Amino acid sequence: MIKVTFPDGSVREYNEGVCGLEIAESISPRLAQDVLAASVNGQIWDLNRPITADATIKLHKWEDDEAKHAFWHTTSHVLAEALQSIYPNIKFGIGPAIENGFYYDVDNGEEPIKESDLPVIEAKMMELLAKKEKMVRKDISKSEALNYFKGRKEEYKVELISELEDGTITTYQQGDFVDLCKGPHLVDTSAIKAVKLISVAGAYWRGDETRKQLTRIYGISFPKKKLLDEYLTLLEEAKKRDHRKIGKEMELFAFSSAVGAGLPLWLPKGTALRLRLEDYLKKIQKHFGYQQVMTPHIGHKNLYVTSGHYAKYGKDSFQPIHTPEEGEEYLLKPMNCPHHCEIYKFKPRSYKDLPLRFAEFGTVYRYEQSGELHGLTRVRSFTQDDAHLYCRPDQLLDEFLKVMDIIQIIFSALNFDNFEAQISLRDPNNKEKYIGSDEVWEKAESAIIKACEMKGLKAKVEYGEAAFYGPKLDFMVKDAIGRRWQLGTIQVDYNLPERFQLEYMGADNQKHRPVMIHRAPFGSMERFVAVLIEHTGGKFPLWLTPEQAVILPISEKYNDYAQKVAQYLEENDIRVSVDDRNEKIGRKIRDNEVKKIPYMLIVGEKEEENDEVSVRKQGEGDKGMMKFTTFADNLNKEVESMMNAWKNK
C-alpha cells in the first residue's frame, strides 16, 4: 500500500501502482469524468500513469492550466498524426502546448504548407478524433529510439534523442503515429471535441537562424464547441485591439527597416504618453523615498561577467563592441542592475544609510531572434522602469511590502483590476541553473512567501521560474478580453551583493552585506504600453491619453473662435487640437470618434456668442453646453482626481 496526500492535507491509502484516474473514481464517478490530468509530487502526469510510492496528488479539470497543458499537448499529437496521414514524407520537429493552444514545427520539403491548407488538415484531425484513440506511453532505450526514428528518417527527432540520457526516453503513440515525447497527455483523445488551426508561420529549427526554417502550425482545441466559438469571438476582438494597428492609427510608435528590426521609434504622441507614465511613477517613487540615477547604455564586458548576466544573456546579446584598445570589450547593457551596484559602491555605506532606493528608466538590449519579434511586446531595445533597493536583512520584508503597494497603485490607476500573483521559485531538481547557496535562496524565498501572506495575496507557486540570481513575485494581469500578461515583478537577491562585494558598516562596527530588491512595476515601457493599448482598445484614461479634447467648428466661419478656445485650453494644460477641415460636422464627429479622443467640443454661432462649447463625451454622447472656462476647470479636476486617487488610500 502507498499513502496519497491530497491538497487539503488529507491522506488515503491505495494499492501500489494506482493511477490518477483510479484515485478520481474512488472519490466520485463525476470527478473521474471531468478530470484530465494529475500533478504528482508537483509534476503533471498522465492520468493512467502508475504511482509506485507515497506521493502528493492534485487532480486537474479543464479550468486548471495543468489540464489545459495536457489537453493541448495531446491535440498537437493529433495534428501531427493528421499531417503524417496527408503528407507521408513530412518530418517533425517539436509540438508543445503553449499558453493558448499548441503548435507543431514541421518540414514538408518542397511542398510548403499554407494557410489555405488548414481546413483540410482540420477535417482530418476531426476524423481521427472520432476514433477516440488511446495515448500509449512507452519507456524505451536510447538505442531503440535512435533506430526507430532513423528508420523513419526523422532527422530532427534523431538530433534531439542524441542529446538525451539513456533511461530517460519515452514515446507516445496514438493510432499509427509515434512521437518522441515526455508527456503529459490525456488518457485518450475522446475529450477533444473542437479544434481550430489558427495560423502558419516560419520558425528556425531550435531557434537558430543558421538552421533550416520549418513551418510552424498554430492551433487550439476545447472540450466543447461553445468554448471554441467564444474563443474565436475573442480572437476577433483581439484583432481590433491589436496594439500594432491602434498604435499606427493613433500615431504612437513606428518601426523602420532602415533603423533595424525590433528597435521601436516613439512618435511625438506616443512619446508624450510614455513620458506621462514615467512622470506618474516618478511622482509615486519620490513619495516612497526613491532617488533617480542615470547610467550608460554600454558597460565593460567584465561588469556583466561579474554579475553573471554574460553567462545568462551572452548568447542573446548583441555582439561585443571592440575598442581600439587591444582586448577591451564593451556590451550594450542587457540589464541595469550591475550599473546600480557600482553606484552603491561609489562610497562607504553605513547601516544608517539604508535602505537606498535607486531608480532609473534604463534602456537595455537583447538580440531576440527575428522570428520572435512582435510589435512592442517583443523587441530588441526596451526601457525598464527599473529600481534597485539595498537594505539590511531586518528591513527586507517592509521594503518588499512597500513595492507591492506601488504595483497596486499603478494597476489601480490604469484599471488593471483583474490580476494574479505568482511566486517564482528555484527548481529544486536543477539547482545548477542558479547562482548562490541554498541558505540565501531559502531566506529570499521565505521573505516573498511571508510578504504575500501579510498582504493576504493569494499567489500561485511555480518552481523553476525564478531569475538566475533570486526568486521573484510576478504579477499576471488579465486584460479587458481575458488574456493574461506578465507585467510587474519584484525579485529578492542575496547573490549580486555578494558578487559585487557590496558592504555597509553595521551598528556593531562590523561589515555586512546588504540585501538587494529588483523591481519594475511596468516591467518594460514598450510591453506595458502595448498591453495598455490592447486592454483599453486605445481609449486611455483621461490623464494619460495623447489628446484630451478636439474642437470641431461647424463651419469655416468659426475657425477663429475654435483657435481662441484651443489657446485657452492649452494655456490650462489641456491637450487639444482643432479639426478645421472643410467637412460637415457629422463627418467630423464620426472621424474623431474613431480617434478615441475623450471629448469633442462643437462650436458655432451660439457657442461663440456666449463663450461656450457644446460637449460630447466619447461613448456617452451629448453633455450639453457650458462655458469653455468651466469645461477646462472640470477636466483638470477630473484629471487631478484620477492622478491623486492613490494618496487617499
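Visitor: In what order do the three strands of the open sheet come?
Guide: Welcome! In this predicted model, three strands make up an open sheet with antiparallel pairing. Read across the sheet, the order is S9-S10-S11.

Visitor: Which are the edge strands?
Guide: An edge strand here pairs on one side only. That holds for the strand at 136-139 and for the strand at 177-180. The edge strands are therefore S9 and S11.

Visitor: What does the twist average from one strand to the next?
Guide: Let's step across the sheet, going from one strand to the next. On average, the twist is 25°.

Visitor: How many bridges join strand S10 to S11?
Guide: Strand S10 covers residues 170-174 and runs antiparallel to S11. As one example of facing residues, Gln 173 is opposite Val 178 in S11. The number of bridges joining S10 to S11 is four.

Visitor: Why is the sulfur of Cys 19 too far for a bond?
Guide: A disulfide needs two cysteine sulfur atoms within 2.5 Å. For Cys 19, the closest cysteine sulfur belongs to Cys 181, and that is too far for a bond because the distance is 19 Å.

Visitor: How many disulfides does the count come to?
Guide: Cys 181 is in no disulfide, since its nearest cysteine sulfur is that of Cys 19, 19 Å away. By the 2.5 Å rule, the count of disulfides is zero.

Visitor: Is Cys 19 buried or exposed, and what about Cys 181?
Guide: Buried means under 20% relative accessible area. Cys 19 has 9%, and Cys 181 has 10%. So Cys 19 is buried, and Cys 181 is likewise buried.

Technical notes. Residues numbered from 1 in each chain as written. Predicted model: local features only at pLDDT ≥ 70, side-chain atom pairs only at ≥ 80, totals over all residues. Heavy atoms only, no water. Pairing = 2+ DSSP bridges. Helix = DSSP H or I, 4+ residues; strand = E, 2+ residues; numbered from the N terminus. Axes fitted to C-alpha atoms, helices over the stretch in contact; angles between N-to-C directions. Buried < 20%, exposed > 50% of the residue type's maximum accessible area, 1.4 Å probe, protein only.
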